[in-house]
Amino acid sequence: GCPVNVRIPEFVAKVAEGKFEEAYEIITSTNSLPAISGRVCPQENQCEGKCVRGIKGESVSIGRLERFCADYHMKHSDAKAVKPQSNGKKVAVVGAGPSGLTCAGDLAKKGYEVTVFEAFHTAGGVLVYGIPEFRLPKAIVKKEVENLQDLGVEVKTNMVIGRVLSVDELFEMGYKAIFIGTGVWRPNTLHIKGESLGNVHYAINYLQNPDVYHLGSRVIVIGAGNAAMDVARTAIRHGTRHLECFSLSKTISASEYEASYAKLEGVNFIFNKKPVEITDKGVVFIDLNEAEDGTLTELPGTEKLYPADSVIVSISQGPCTTITDSTKDLKTTPRGLFETDEVGRTSIPGIFASGDAVKGARTVVEAVAYSKNVAEAMHEYMQTLPPDLPDAYANVPVAEYDEGN
Ligand code: FAD
Ligand code: SF4
């Protein structure tokens, strides 16, 4: 059940023997971000969902054990990653989320000179600008980024590729291959009346900096996925007193674990309601009938106004077009995701893509797993390239300043 194939029985056995560093070595042989995955993986659908102990009772807490080993290592080991011998080839990675960071680490370990270009002012992607601090402390992500920097990876923040520099310009600057891991950052909208009112916000925007929002005491969250749980729990921590989460279906799509915390913290769930209009007083919902097969039908005449000071729409995200607008030959799917083959090759030779920007909104370790394969394909691609021409200015004379002027 683990997308990155952590050798679970082996590492759990080492934990049981008290050999935590050995357990850590086993985990990191296939998983580069254990302190993060141990905290944010939806384990009930992945590793723990397959644990045979879960059939009759509770599964082994694999995620918790993984997190413990990673934290133990961080606390007790001062071993630093060492920059490998350079092979002189430059690679550009666009986006410093789990995909980009994984690819950067794997290629740096093979001796490539890797530069990561990140639009935000801190590296981490959703790990920093989406998942709240109470679920994943930012210091942990920072530490993982520092590990990559020790390997020689250069991280350039506040650099929006497609706006400041185009992908083609990166090739002109000597990068031999480009990895795109830009995720999905354009919120999906409801397309209903009133959505442009000032009291309507979007999950991914709100989570970037909740401190600057004044939501009021009653908030409606539309959507019941994992991001909606993060929004709801964050809003409650920022002073919201009454928080209702509305779901189209009769179930919560967030993981049981996240939903249970949301309930404990006071989130109230309302099911089978579809928003039809937003006003400055709240949201008008219509009731839905849910058939056995999950088909939803509106029940005319059941519309009611549910009062709220603010509304946060949390119905997933799609890709931004900043890169594709500036590099027209990059093919995309009808949803605007990068079109790639199974190892991340896009329609332009030398440009690869991975993570949510290719698969749509998924999970952290899925992005890590896929990006590892893509990094391998990039390595193979770069082996086929002709040797570099010598640097035209390698032997130019060095000018001397006349300090007296
Ligand atoms: P991202 O993490 O989105 O990173 C993309 C990076 O690219 C960003 O830093 C962005 O700023 C940068 N970028 C974009 N465009 C440009 C550009 N033009 N130039 C330069 N940089 C650019 N998954 C889990 O497994 N567990 C969870 O608990 C979980 N919770 C989540 C909660 C929320 C609120 C959200 C939104 C998602 C959650 N996910 C969770 C999903 C998970 O975070 C993503 O699947 C994962 O982050 C995808 O990684 P990525 O590197 O492909 O993209
Ligand atoms: Fe489970 Fe995630 Fe660790 Fe895999 S990486 S063992 S899915 S917690």
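How many residues line the largest cavity, and which of them lie nearest its centre? In this predicted model, the lining of the largest cavity consists of 16 residues. Nearest the centre of that cavity lie Cys2, Ser37, Cys41, Cys47 and Glu66. The space inside the largest cavity amounts to about 110 Å³, and the count of cavities of 30 Å³ or more comes to one.

The largest cavity is the site of ligand 2. A shell of 15 residues surrounds the ligand, and the closest of them are Cys2, Cys41, Gln46, Cys47 and Glu66. Helix H5, which spans residues 62-76, supplies the largest share of this shell, with three residues. The shell around ligand 2 contains nine nonpolar residues, five polar residues and one charged residue.

Of the contributions to the lining of the second largest pocket, that of H8 is the greatest, at six residues. The lining of this pocket divides into 11 nonpolar, 10 polar and 10 charged residues.

The strands were examined next. Five strands form an open sheet in the order S6-S14-S7-S8-S9, and their pairing is parallel. At the edges of this sheet stand strand S6 (200-202) and strand S9 (267-270), each of which pairs on one side only. On average, neighbouring strands of the sheet are turned by 25° against each other, direction being ignored. The pairing of strand S8 (residues 242-246) with S9 is parallel and rests on four bridges. Within this pair, glutamate 244 has asparagine 268 of S9 as its bridge partner.

Terms used: Residues are numbered from 1 along each chain as its sequence is written. Chains are lettered from A and ligands numbered from 1 in the order in which they are written. This is a predicted model: local features need pLDDT of at least 70, side-chain atom pairs count only at pLDDT 80 or more; totals for chains, interfaces and linings use all residues. Side-chain values use heavy atoms; hydrogens and water are left out. A residue is near a molecule or strand if one of its heavy atoms lies within 4 Å of it. On a 1 Å grid over the protein atoms alone, a cavity is a set of points where a 1.4 Å probe fits but cannot get out, and a pocket is an open set with protein on both sides within 12 Å along at least five of seven lines; lining residues have an atom within 4 Å of a point. A molecule sits in a cavity or pocket if more than half of its atoms lie within 2 Å of its grid points. Helices (H or I, at least four residues) and strands (E, at least two) are DSSP runs, numbered from the N terminus. Ala, Val, Leu, Ile, Met, Phe, Trp, Tyr, Cys and Pro count as nonpolar, Asp, Glu, Lys and Arg as charged, and the others, Gly among them, as polar. Two strands pair if DSSP finds at least two bridges between them. Axes are lines fitted to C-alpha atoms, for helices over the stretch in contact, and angles run from 0 to 180 degrees between N-to-C directions. Grid points are joined across faces, edges and corners, and a volume is the space filled by probe spheres set on the points.
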